[in-house]
Amino acid sequence: MTALASPAAPTEQDIAGFRQLHQRLGDAVEQAVHGKRSVVDLVLVSLFAGGHVLLEDVPGTGKTTLARSVAQALGGEVSRIQFTPDLLPSDVTGTTVFDPRDGQVRFRRGPVFTNVLLADEINRAAAKTQSALLEVMQERTVTVDGIGHPVPAPFLVVATQNPIDLDGTYRLPEAQLDRFLIRTALGYPDAEHEIDVLRPGSGAGHVENVHPVTTAAEVAAVSDQLQHLHVADPILRYVREIGVALRHDPRVRLGASTRGLRALVRCLQVYAAARGRHYVVPSDVQRLAEPVLAHRTVLGRDAVLAGHTQESVLHEVVETVQPPQPDAG
């Protein structure tokens with residue numbers, strides 16, 4: 001797909017080209033990650049929307065393989081950071097070092113200077129180290145000694161955390177969670193795909209089988225273009241009504257912010273284009289509301305004790321909000 005230089009909305013030909021690109025990327029990633037196309041699609045939505053992904057799942061479900069496969073498919077660089085309690089912020093972003101050969105002080109880049117960053121078990125690092133990612137995830141820049149250093153484009157953080165083993169972990173604060181565009185889980189494959197993974201000679205988990213199908217520059221250009229895909233006012237009102245209903249729900253202590261709703265709209269643009277449409281429909285909102293807004297929702301104590309979850313509350317809220325009718329726009 002050839003990106004337009006002007007900020008005009010993408011044409012039908014552009015949308016058709018992006019749909020093919022999205023399909024090629026998904027097919028390439030599935031060479032190593034079997035039976036999880038819906039999760040792969042969410043990661044690709046986040047990639048083209050300029051966001052980041054938080055994968056909450058138990059070990060051995062393919063989180064690392066997914067991140068490496070995405071980087072391999074787009075022909076970019078990938079870095080991995082194993083978060084531990086003794087990890088320092090400079091181990092993430094980089095630091096200035098003195099070069100005795102010429103007496104100069106230079107910036108030594110950290111692993112965040114990449115296209116796809118795998119932040120493995122992010123909740124095992126202390127809050128100070130977690131906060132080292134706040135600026136770069138939001139601004140795409142690392143500031144050290146007052147000097148900004150931009151990271152490559154596209155820049156995607158795929159962070160993982162184990163929701164079961166919480167010993168020795170540090171809970172991600174709301175500000176950190178809000179930096180993630182999407183939160184999802186891989187889960188276990190269904191019977192057919194799990195047998196395929198178990199079969200001797202299977203390509204599952206072999207990232208070397210994933211071949212590049214695009215370039216990092218093309219992904220960055222297409223991502224910029226998709227920001228201009230049309231979203232009708234009735235859809236925007238529908239998104240806001242969901243946000244307002246969520247904030248006013250008595251079980252919710254803190255609902256999705258305006259930034260969270262903007263993130264949802266950005267994902268809707270990419271999701272619609274990936275399905276060959278130059279417009280968003282209500283079912284797109286219903287599909288993406290949970291992975292985009294659930295982790296931005298904080299429930300009250302009584303709701304948690306009653307067994308409610310962020311996902312269940314959000315699902316009920318979406319069910320109660322009337323979607324726009326086909327003739328509304």
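1. Which residues in α1 meet which residues in α11? In this predicted model, the α1 side of the meeting consists of Ile 15, Phe 18, Arg 19 and His 22, and the α11 side consists of Val 270, Ala 273 and Ala 274. Sorted by class, this contact of α1 with α11 has 5 nonpolar residues, 1 polar and 1 charged.

2. The geometry of that pair can be stated as well: α1, which covers residues 12-29, packs with α11 at an angle of about 90°, and the two axes are 8 Å apart. The two helices are therefore roughly perpendicular to each other.

3. From α2 the contact draws on Val 45, Phe 48 and Ala 49, while α11 brings Arg 266, Cys 267, Val 270 and Tyr 271. The residues of this contact divide into 6 nonpolar, no polar and 1 charged.

4. The packing of α11 (residues 258-274) with α12 (residues 282-293) has an angle of about 130°, with the axes 10 Å apart. That makes α11 oblique to α12, and the crossing of the pair is right-handed. On the α11 side the contact is made by Gly 260, Leu 261, Ala 263, Leu 264, Cys 267, Leu 268, Tyr 271 and Ala 272, and on the α12 side by Asp 284, Val 285, Arg 287, Leu 288, Ala 289, Val 292 and Leu 293. By class, the contact of α11 with α12 has 12 nonpolar residues, 1 polar and 2 charged.

5. The largest pocket holds about 740 Å³ of space. Its lining consists of 28 residues, and those that lie nearest the centre are Ala 49, Gly 50, Gly 51, Arg 140 and Arg 266. Two or more lining residues come from each of α2 (37-49), α6 (132-139), α9 (216-226) and α11, with α11 giving the largest share, 5 residues. The lining has 13 nonpolar, 7 polar and 8 charged residues.

6. For the second largest pocket, the volume is about 610 Å³. It is lined by 24 residues, of which Arg 171, Leu 172, Leu 177, Arg 183 and Gln 310 are the closest to its centre. The elements that give two or more residues to this lining are α7 (174-177) and α14 (310-320). By class, the lining of the second largest pocket has 8 nonpolar, 9 polar and 7 charged residues.

7. Two places in the backbone deserve a careful look, given that most residues other than glycine have a negative phi, and most peptide bonds are trans. The peptide bond from Ala 153 to Pro 154 is cis, with omega near 0°, and Pro 154 lies in the loop between β7 (147-150) and β8 (156-161). Glu 121, although not a glycine, has a positive phi of about 50°, and its place is in the loop between β5 (116-120) and α5 (127-130).

Conventions
Residues numbered from 1 in each chain as written. Predicted model: local features only at pLDDT ≥ 70, side-chain atom pairs only at ≥ 80, totals over all residues. Heavy atoms only, no water. Axes fitted to C-alpha atoms, helices over the stretch in contact; angles between N-to-C directions. Helix = DSSP H or I, 4+ residues; strand = E, 2+ residues; numbered from the N terminus. Parallel < 35°, antiparallel > 145°, perpendicular 65-115°, else oblique. Left-handed = near helix turned anticlockwise from the far one by under 90°. Contact = heavy atoms within 4.5 Å. Nonpolar A, V, L, I, M, F, W, Y, C, P; charged D, E, K, R; others polar. 1 Å grid on protein atoms, 1.4 Å probe; cavity = no way out; pocket = protein on both sides within 12 Å on 5 of 7 lines; lining within 4 Å. Points joined across faces, edges and corners; volume = space filled by probe spheres on them.
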